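Here's a quick briefing to read alongside the model. Have the sequence and the 3D view open as you go.

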Amino acid sequence: MPASVLRHPSEPMPRAALAGLLTAVLTALMLALTQSAAYAGGPYRWAHDGNVGQRLTVCAQTLEVRSSYGGPAFARLTYGQTFTMHQNYAEFGSEYVRGFAWGNVNAEGFVQNGWFC
């Protein structure tokens, strides 16, 4: 590191460096606040084999209902609506569960696991 960059801790920080540091800190703070708001209330419950046949409440703001495991979404459940789990795909790491989506969907489908209350 060149000697011109090094400074003694008792020397005041140059305004440009202070402004850059302040900008970085504020950016990190804003990013943390917006991401925590998106996931407020988490972590959410992960459905397991013991939940087969149970009607689970959705805690995500929206949860896409898919026609196949990882397939295209055809509808969305919203916070507070329910999903009855019929099958847990443990062999795939339980990323999706199959069941009946109630609420405004009222159809069989797959949803991403980990978004239940």
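The protein has an accessible surface of about 7600 Å², and 62% of that belongs to carbon and sulfur atoms (Shrake-Rupley method, 1.4 Å probe). Bear in mind that this is a predicted model: local features need pLDDT of at least 70, side-chain atom pairs count only at pLDDT 80 or more, and totals for chains, interfaces and linings use all residues. Residues are numbered from 1 along each chain as its sequence is written, and side-chain values use heavy atoms, with hydrogens and water left out.

**Fold**
- You're looking at one helix and six strands, taken as DSSP runs (helices H or I, at least four residues; strands E, at least two; numbered from the N terminus).
- Along the sequence the order is α-β-β-β-β-β-β.
- Of the contacts (heavy atoms within 4.5 Å) with a separation of 6 or more, 47% link residues 24 or more positions apart.

**Confidence**
- The pLDDT (the predictor's confidence in each residue, 0 to 100) averages 78, with 63% of the residues at 70 or above.
- Among the elements, strand β3 (residues 73-78) has the highest mean, 96, while helix α1 (residues 15-38) has the lowest, 54.
- Residues 31-40 fall below 50, and beyond near neighbours in sequence this stretch has two contacts in the model.

- Of the 117 residues, 26% are buried (under 20% relative accessible area, 1.4 Å probe, protein chains only).

Conventions. Buried means under 20% relative accessible area, exposed over 50%, partly exposed in between (1.4 Å probe, protein chains only).
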